[in-house]
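User: I am new to this structure. Please walk me through its features.

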Amino acid sequence: MSVFIREATQDEAVSVSELMNSAFIADAWFKKEEFHNRFDSGGEEIRDYIDGVNKCILVAISKGDNSVIGAVQLDWNKESKVGHWGALAVPSQHGGKGVGSKLVLAWLERLKECGMASVEILVVSTNNARLVEWYRRFGLSIVGESFPFVVPHIVLEEHQGKVMMVKMVSLFS
C-alpha cells in the first residue's frame, strides 16, 4: 500500500479521532462499555494534542485518495530526553499492509530528531503476545516485570487484576 506520513492537521481532528476509536474497538474486550472509545468523537482531545507543546499526531495518508488510514500519538520530555507513544491506530481494513510499520518508523525518527535518548511505551500484553513481538522488530525490549493495567477503573469487574501490561523501551544511539 502506498502511503506517506505527516503531522495531522486541525481539519483532520474528527476523522483521526474516529479512526483511532475504530481501531481500538478490538482492544475493548476488557473495558467497560463507556470506555470503549479512546478519544472523544468531536475531536477535541486530538485538536489539543495537535496544538500541544512537545507532542504531535502523525498520520498515514493513502496516496490513492489522500484519506487518513492510520495515526500515532506521541510526546516527548526534553529534560529527561524520553519519548512516549500514546496510541498507534490502524483500522483492520488497512492492517497487514505495512501502514503500522511505517508509522512506528516515523515516530521513532521523529523522537530522534527531537533529541530524545530513548522511547518508552506501555503495551497490553494479555492476549497480545503477537503485538509485543511486533514491537520487538523495531528494537523495543521489555523492561521489568508485567504489571496490572494502569487505568483499573475502566476494566470490567471480571478482568480486574487479570489484564497485564509491559513496559517496552528502545535506546537511541
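User: How much space lies in the largest pocket?

Analyst: First, the ground rules. This is a predicted model, where local features need pLDDT of at least 70, side-chain atom pairs count only at pLDDT 80 or more, and totals for chains, interfaces and linings use all residues. Residues are numbered from 1 along each chain as its sequence is written, and side-chain values use heavy atoms, with hydrogens and water left out.

Analyst: A pocket is an open set of points on a 1 Å grid over the protein atoms alone, where a 1.4 Å probe fits, with protein on both sides within 12 Å along at least five of seven lines. Its volume is the space filled by probe spheres set on the points, joined across faces, edges and corners. Here, the largest pocket holds about 1400 Å³.

User: Which residues lie nearest the centre of the largest pocket?

Analyst: Lining residues have an atom within 4 Å of a point. The largest pocket has 46 of them, and F24, D27, L88, L131 and Y135 lie nearest its centre. By class, the lining has 25 nonpolar, 13 polar and 8 charged residues. Nonpolar covers Ala, Val, Leu, Ile, Met, Phe, Trp, Tyr, Cys and Pro; charged covers Asp, Glu, Lys and Arg; the others, Gly among them, are polar.

User: Which residues of helix 4 are buried?

Analyst: Helices (H or I, at least four residues) and strands (E, at least two) are DSSP runs, numbered from the N terminus. Buried means under 20% relative accessible area, exposed over 50%, and partly exposed in between (1.4 Å probe, protein chains only). In helix 4, residues 129-136, the buried ones are V132, W134 and Y135. They share one side of the helix, because they cover an arc of only 160° around the axis. That arc is taken from the directions from the helix axis to the C-beta atoms. On the other side, A129 and R130 are exposed.

User: What do the buried residues of helix 4 pack against?

Analyst: Contact means heavy atoms within 4.5 Å. Their partners are helix 3 (99-113) and strands 4 (82-89), 5 (118-124), 6 (141-148) and 7 (164-171).

User: How many disulfides does the structure hold?

Analyst: A disulfide is a covalent bond between the sulfur atoms of two cysteines. The test is a pair of cysteine sulfur atoms within 2.5 Å. This structure has 0. C56 is in none, as the nearest cysteine sulfur, that of C114, is 7.1 Å away. That is too far for a bond.

User: Is C56 buried or exposed?

Analyst: C56 is buried, because its relative accessible area is 2%. C114 is partly exposed, at 23%.
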